[in-house]
Amino acid sequence: MGSEEMARVAVGGFQHETNTFAPVKADFGAFERAGGWPGLARGEAMLAAVDGVHIPVTGALETLRDSGADIVPLCWSAATPSAHVTEDAFERISAMLLEDLRSAAAAGPLDGIYLDLHGAMVCEHFEDGEGELLRRIRAALGDEIPIAVSLDLHVNLTEAMVRHADVLDIYRTYPHVDMAETGGRTAGHLLRLMASGGKWAKAFRRPEFLIPLNFGCTDIDPPRALYGETLPGLLAGDRGLNALALAMGFPLSDIAEAGPGLVAYGDDAAAANRAADTLINAVNAREAAFGSRIWSPDAAIDRAKDLLSLPGTGPVVLADTQDNPGGGGPGDTTGLLRALIDNNAGAVPGGAVIGVFNDPESAEKAHRHPVGATVDLDLGGKLFPGDNPLAGKFEVVALGNGCFTGTGPMWGGARYEMGAYARLRHKGVDIVVGSKPEQAGDQSMFRHVGIEPASVGILALKSSVHFRADFAPLARDVLTVAAPGPVYADPATLDFKNLRPGCRLRPAS
């Protein structure tokens with residue numbers, strides 16, 4: 001690339017976080033449909049689809065445009081976390097990306113490739129979806145074109161990802177409020193690699209223990225210190241260190257290379273190894289600190305009542321962590337809802353609200369009746385083995401079309417398309433029901449049907465950690481609750497078949 005030439009950079013993405021213990025797989029339609037994020041889009045339509053949405057590719061596009069690069073849009077898609085990506089979905093979308101890349105290369109030399117991936121995709125036929133995708137891209141286009149990839153904090157870093165990409169960078173927050181920032185930073189790495197024409201030395205390390213999802217939250221230690229102090233300190237203190245990325249891993253993917261990991265890039269191997277060794281030693285030294293209390297539903301509700309009897313404002317938030325659609329939960333389990341009813345939670349000051357249930361059948365049935373009507377429903381309990389629908393009479397309190405715009409730090413600008421949407425009331429508890437699985441991470445999901453979250457007494461959210469970005473500032477307290485569901489709070493309770501020998505299923509205490 002000459003000094004006066006405009007760089008041609010291909011930009012695309014393919015995102016999925018796979019919970020291999022979840023009940024529902026991601027087929028091609030799951031990537032086609034829009035939900036909280038855009039549906040599958042190609043070419044110029046991709047640029048329009050992601051515009052204004054807080055995701056990595058938007059940050060990368062902004063950085064590349066600011067540099068004057070000629071952007072070649074490829075295919076971009078994402079599906080809500082679930083069980084395995086079907087072979088059909090992976091092969092069709094990978095083929096689109098490769099077709100778009102070959103077409104771009106045929107139209108003129110490509111100077112670089114930026115990809116917006118997750119890093120925890122498990123397919124029916126491959127454990128490491130991202131590693132396989134990168135391998136195919138290298139096989140098609142060769143080793144000379146630099147490839148930069150942004151990844152989720154919950155990436156399960158693999159040897160194939162590190163080998164086939166020139167640089168990987170990772171979110172530094174959970175809740176992920178830095179997605180666009182990470183995309184922009186990764187695109188910046190790509191521009192530096194393109195300008196130099198060289199390659200960076202790499203160093204990859206992996207701790208030998210799994211970190212439960214809730215304890216990777218960067219609002220608490222040890223992640224707060226690792227991401228907020230250790231990692232940036234290393235980057236600032238070594239001029240030979242070009243990039244450094246740390247992942248908490250996704251412990252619900254039963255693959256050989258699951259778990260936390262890190263990768264360092266330096267001008268030479270010494271710089272990369274020096275940073276990688278320092279960071280992994282810092283992670284390992286804090287192993288025993290990855291943990292805090294997980295509440296049973298009844299105990300959490302009792303604690304919420306006690307808190308609400310004290311001076312203060314805002315709701316007590318209960319995180320229904322094991323039915324988090326953002327981790328592969330179906331979004332329709334009834335365990336916490338039943339506990340709210342059994343414990344008369346609706347009688348607390350401000351009442352009790354739970355959401356968002358994924359039950360298109362119940363939402364559609366509610367829409368056949370006017371607001372104020374009473375409807376017989378079998379709510380939820382249809383997708384997680386061992387659960388059962390909650391049958392009874394439900395008041396239709398409010399109805400919505402499921403189309404609204406996110407307003408919070410993480411989903412701000414997201415154009416939600418949730419299908420038929422309803423606010424129901426059963427035995428004093430208000431239940432927000434949509435027609436697609438989407439974790440409750442943004443207050444707009446409740447305001448759409450007339451609920452102001454700050455005014456609620458007990459607010460139960462089907463989410464693990466992402467809700468904290470928008471809801472923690474208004475909460476008087478947050479309690480993590482383990483009601484039945486497939487987003488298991490403790491990986492040690494699971495029957496792993498493929499995890500490498502020697503990897504501990506939870507941090508050692």
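Let's start with a helix pair. Helix α10 covers residues 297-308, and helix α11 covers residues 335-342. Their axes come within 9 Å and cross at roughly 50°. That angle makes α10 oblique to α11. The crossing of these two helices is right-handed.

Who makes the contact? On the α10 side, we have P297, D298 and I301. On the α11 side, the residues are L336, A339 and L340. Sort this contact by class, and you get 5 nonpolar residues, 1 charged residue and no polar ones.

A word on the source: this is a predicted model.

Now the other pair, α4 and α5. Helix α4 runs over residues 87-107, and helix α5 over residues 129-141. How do their axes sit? They come within 11 Å and cross at roughly 30°. Angles under 35 degrees count as roughly parallel, so α4 is roughly parallel to α5. Here too the handedness can be stated: α4 passes α5 in a right-handed crossing.

Which residues meet there? From α4, take F90, E91, S94, L97, L98, L101, R102 and A105. From α5, take G129, E132, L133, R136, I137, A140 and L141. By class, the contact of α4 with α5 holds 9 nonpolar, 2 polar and 4 charged residues.

On to the pockets. Rolling a probe the size of a water molecule over the atoms shows where empty space is left.

How much space lies in the largest pocket? About 850 Å³. Its lining is made up of 47 residues. Which of them lie nearest the centre? They are A79, T80, P81, P325 and P437. In the lining of this largest pocket, 23 residues are nonpolar, 17 are polar and 7 are charged.

Next, the second largest pocket. The volume here is about 240 Å³. This pocket is lined by 13 residues. Closest to its centre are D111, E144, P146, M194 and G197. And the classes? For the second largest pocket, the lining divides into 7 nonpolar, 2 polar and 4 charged residues.

Then find α4 and α5, which are roughly parallel. For the largest pocket, look around A79, T80, P81, P325 and P437. For the second largest pocket, look around D111, E144, P146, M194 and G197.

Technical notes: Residues numbered from 1 in each chain as written. Predicted model: local features only at pLDDT ≥ 70, side-chain atom pairs only at ≥ 80, totals over all residues. Heavy atoms only, no water. 1 Å grid on protein atoms, 1.4 Å probe; cavity = no way out; pocket = protein on both sides within 12 Å on 5 of 7 lines; lining within 4 Å. Points joined across faces, edges and corners; volume = space filled by probe spheres on them. Nonpolar A, V, L, I, M, F, W, Y, C, P; charged D, E, K, R; others polar. Axes fitted to C-alpha atoms, helices over the stretch in contact; angles between N-to-C directions. Helix = DSSP H or I, 4+ residues; strand = E, 2+ residues; numbered from the N terminus. Parallel < 35°, antiparallel > 145°, perpendicular 65-115°, else oblique. Left-handed = near helix turned anticlockwise from the far one by under 90°. Contact = heavy atoms within 4.5 Å.
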